[in-house]
2 protein chains.
Amino acid sequence: QVQSEAFPDGTTDHIPLRGRKYDIRKPHISDQPITLKNWHQHVHWLNTTLILIVPAIGLVSMYWVPLYTKTALFSIAYYFFAGLGITAGYHRLWAHTSYKATTPLKVFLAAGGAAAVEGSARWWSREHRAHHRYTDTEKDPYSVRKGLLYSHIGWMVIKQNPRRVGRTDISDLNEDPIVVWQHKNYLKCVITMALIVPTLICGFGWGDFLGGFVYAGILRIFFVQQATFCVNSLAHWLGDQPFDDRNSPRDHVITALVTLGEGYHNFHHEFPSDFRNAIEWWQYDPTKWAIWVWKQLGFAYNLKTFPQNEIEKGRLQQLQKKLDQKRSVLDWGIPLENLPVVSWDDFVAESKNGKPWIAIAGVIHDVGEFIANHPGGKALITSGIGKDATAIFNGGVYNHSNAAHNLLSTMRVGVLRGGCEVEIWKRAQSENKDVATIRD
Amino acid sequence: QVQSEAFPDGTTDHIPLRGRKYDIRKPHISDQPITLKNWHQHVHWLNTTLILIVPAIGLVSMYWVPLYTKTALFSIAYYFFAGLGITAGYHRLWAHTSYKATTPLKVFLAAGGAAAVEGSARWWSREHRAHHRYTDTEKDPYSVRKGLLYSHIGWMVIKQNPRRVGRTDISDLNEDPIVVWQHKNYLKCVITMALIVPTLICGFGWGDFLGGFVYAGILRIFFVQQATFCVNSLAHWLGDQPFDDRNSPRDHVITALVTLGEGYHNFHHEFPSDFRNAIEWWQYDPTKWAIWVWKQLGFAYNLKTFPQNEIEKGRLQQLQKKLDQKRSVLDWGIPLENLPVVSWDDFVAESKNGKPWIAIAGVIHDVGEFIANHPGGKALITSGIGKDATAIFNGGVYNHSNAAHNLLSTMRVGVLRGGCEVEIWKRAQSENKDVATIRD
Ligand code: HEM
Ligand code: HEM
Ligand SMILES: [Fe+2]
Ligand SMILES: [Fe+2]
Ligand SMILES: [Fe+2]
Ligand SMILES: [Fe+2]
């Protein structure tokens, strides 16, 4: 067995615990393009068998195998058991350590995870940590950038170069005896939990060995797999991005319904060590509810949550980002620094010559086209022509709405030399009052 | 008759066209508090009769008067006719001049408005313009600040001081012959359109004179009145404020359903001369649809709309305002200027002494309480202690999310003297490289 490199940040390359003999430095099949001649070498036949061929056989055999109510109900219950093994176990407990579990709960989750037939907890968590760390990049094991189908099953059905996937630290998992034991005895665990146990329960329970094998075993596996695979595909493809839109994760209730609550995936990638996926009580997150119940029963503890303050900050910044994008495409009027500077006397003279100009807050506005549309009538707006109507506009006659201020800024044609108080200065001057006047 | 004052801005006090003889300068009953002795003087008996007493009689008489299907259907049709008279006529055409109408359409709308028994178009528009100009103030004829019931019917049932209501310019209405004629012949118009016409139609149409009088007349009036009154009450009380929250107008679909589309009242107060109330095609605004159809038929023209750019700007600013309010209550960490300035050597020494300090972007962070919760594991975060981890944090090892940056800012304990590049300088110095170093 080849020793893998050790990296200064504490992570290591993948070392198969069971010591499969492949040289991690030899050229890999994935380096060659898929052709008509070598495609069967590209296919990962073990995964293809477990994910596609066996379920297909199961689907066909439904034709001959009757489905009894008890078996159907048990299959659903077993579906939730296996699903929680993945979501509450593999995902939230082992990949993200978002809570701590006692040994009985760990055994229960490791058993459920095995029943789902999605790899060992150790393997699954390692890939998943790489997925979080390198989301959407080449090092992401199931990057949605390579297509929805790739992120759903493609990455398992086609052989991947083990060097491609990013490195992650799984020292904590290597110290967890249950994780290590499940990994070392993975095949035994799967056959027992995924097929033998449901067959025996249905068989000794109500005499339906065959139905137990086909429905609670094979077909139930198929549904659990397809549902949880949606976390890698659908959750990166459908929905909103309330917290961050730099990467692909998205929030959607449909994904949540399909995946036992793992559908608030934009939140999850932003706050991965939160034991919740849905933060609102009315959102569907049965995995969260299960963890909460286990806590009440003493099986789970140290449930981690991110402070609400941080969650709100993230949401707010994302909203701000969207607002800023919107703002940049709207017309806010000519910036003041691009306007010609006009003297007060010129402004008055031009207005007398028929220019429909109104000065407000030191800026000259051409209201010509707006007079007929003025909601306050023609008389009022015309009364401001050739005047400094700052006070009139701001409440002296009518305190205009925000919308009116916005509209006004699109009518700018010039800036008054000396600021908005020139009219008062001028009048004071003509009345020989003692007001300082800037001469230029 | 007393000549009313003329004001420099072109507006005048209310001059009753029919020349009722009251001296606008005499003390008014509304100046006295309502007591057990004078309450009947405070009641506006004409309005009370039209709004409350007659409908009450109508309701009671339902017991004896059978309702025929034809009369019922006709009542609904006549309800829409009268309602449109108010919403498309009084409100959007005359009060806000949001479009222009040919004489036939004006006659139709003036007739419908009369059938609704809510005053003449001239009186109604004048009050309504005052309502827009002085919204929520003492000069607002139906300010919701005085209570929901007051804004709904109180302002009509109790006598108001005519001097209290704000002045508005209605010179355009005084020049509209149909408005003036309807005002001068208001009582005849009302009796004809509200009672005689529906009675005769039901009577000569299918022999139901009494039903026509009670259902298509009196009770239909009652429903039209209560519905359109909701624009003054409900529309200032229920719903959102997507454009401006300084005043009371609000948008709500329930108000829209009740008022033939006048429910997007926050928009309407912000953009009063827009012929639309609902700007989205899927919102309920039959008044807008009617005006649009009349335009296609050649009866209406010059339909005014505010530019979409201005509408979006208003919406955006209101969202921004809400974001800013939210932002101000969140914890964004200690501002940099309030932090102690720490030298690089002190930072390194303190870290060696056990302080869990990490420098990122020139700021020192205490990550002690976060190590156990770090989503990337203990090993990685611990590797940054006593170092300038700026690059590590920003992609060198892992490109942290926005959430991580937010959280980081809450952990600030000091600022590095000399900025964030000190570590590089120091190392270069110790390696005797030629890097400018600031000595302090
Ligand atoms: C300078 C003298 C002006 C006077 C005395 C004046 C007066 C008024 C009054 C009384 C109203 C209320 C009418 C109603 O809501 O029914 C009004 C509304 C309005 N005015 Fe003016 N106006 C003036 C200039 C302008 C100018 C230059 C603009 C250009 C943007 C403008 C834009 C508006 C807009 C958009 C409204 C409707 C929104 C609101 O209620 O603020 N006005 N004005
Ligand atoms: C200085 C060395 C650090 C390294 C090498 C490092 C590394 C990592 C890595 C690899 C992840 C990805 C884990 C995953 O998503 O499954 C991560 C996540 C995270 N780290 Fe760090 N970290 C460091 C310091 C910090 C510090 C000081 C904070 C304090 C705020 C922090 C906060 C976070 C947070 C909130 C996440 C989860 C959100 C995200 O994906 O960005 N890290 N870190
Ligand atoms: Fe993901
Ligand atoms: Fe995850
Ligand atoms: Fe209003
Ligand atoms: Fe209005």
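1. Let's start with the spacing of the metal site: along the chain, the donors of the iron ion (ligand 4) follow H-x4-H-x31-H-x3-H-x135-H. Donors here are N, O and S atoms within 2.8 Å of the metal (3.2 Å for Na, K and Ca), and sites may look incomplete because water is not among the atoms. The residues in question are His91(A), His96(A), His128(A), His132(A) and His268(A), each through NE2, at 2.0 to 2.2 Å. The iron ion (ligand 3) lies 5.5 Å from the iron ion (ligand 4).

2. Before going on, please keep in mind that this is a predicted model, in which local features need pLDDT of at least 70 and side-chain atom pairs count only at pLDDT 80 or more, while totals for chains, interfaces and linings use all residues. Residues are numbered from 1 along each chain as its sequence is written, chains are lettered from A and ligands numbered from 1 in the order in which they are written, and side-chain values use heavy atoms, with hydrogens and water left out.

3. Are His91(A) and His132(A) buried or exposed? His91(A) counts as buried because its relative accessibility is 2%, and His132(A) counts as buried at 9%. Buried means under 20% relative accessible area, exposed over 50%, and partly exposed in between (1.4 Å probe, protein chains only).

4. Now to the two chains. Their contact (heavy atoms within 4.5 Å) takes 43 residues from chain A and 43 residues from chain B. The area buried between them is about 4,200 Å², with carbon and sulfur atoms giving 56%; this is the accessible area (1.4 Å probe) that two parts lose on being put together, summed over both.

5. How many salt bridges are there between chain A and chain B? The count is two, where a salt bridge is a side-chain nitrogen of Lys or Arg within 4 Å of a carboxyl oxygen of Asp or Glu. One salt bridge joins the side chains of Glu312(A) and Lys326(B) (3.5 Å, N to O).

6. Eight of its ten residues are buried, so α6(A) is largely enclosed by the rest of the structure. Among the buried residues are Tyr150(A), His152(A) and Trp155(A). The buried residues of α6(A) pack against α1 (39-42), α2 (45-61), α5 and α10 (209-229) of chain A.

Terms used: Helix = DSSP H or I, 4+ residues; strand = E, 2+ residues; numbered from the N terminus.
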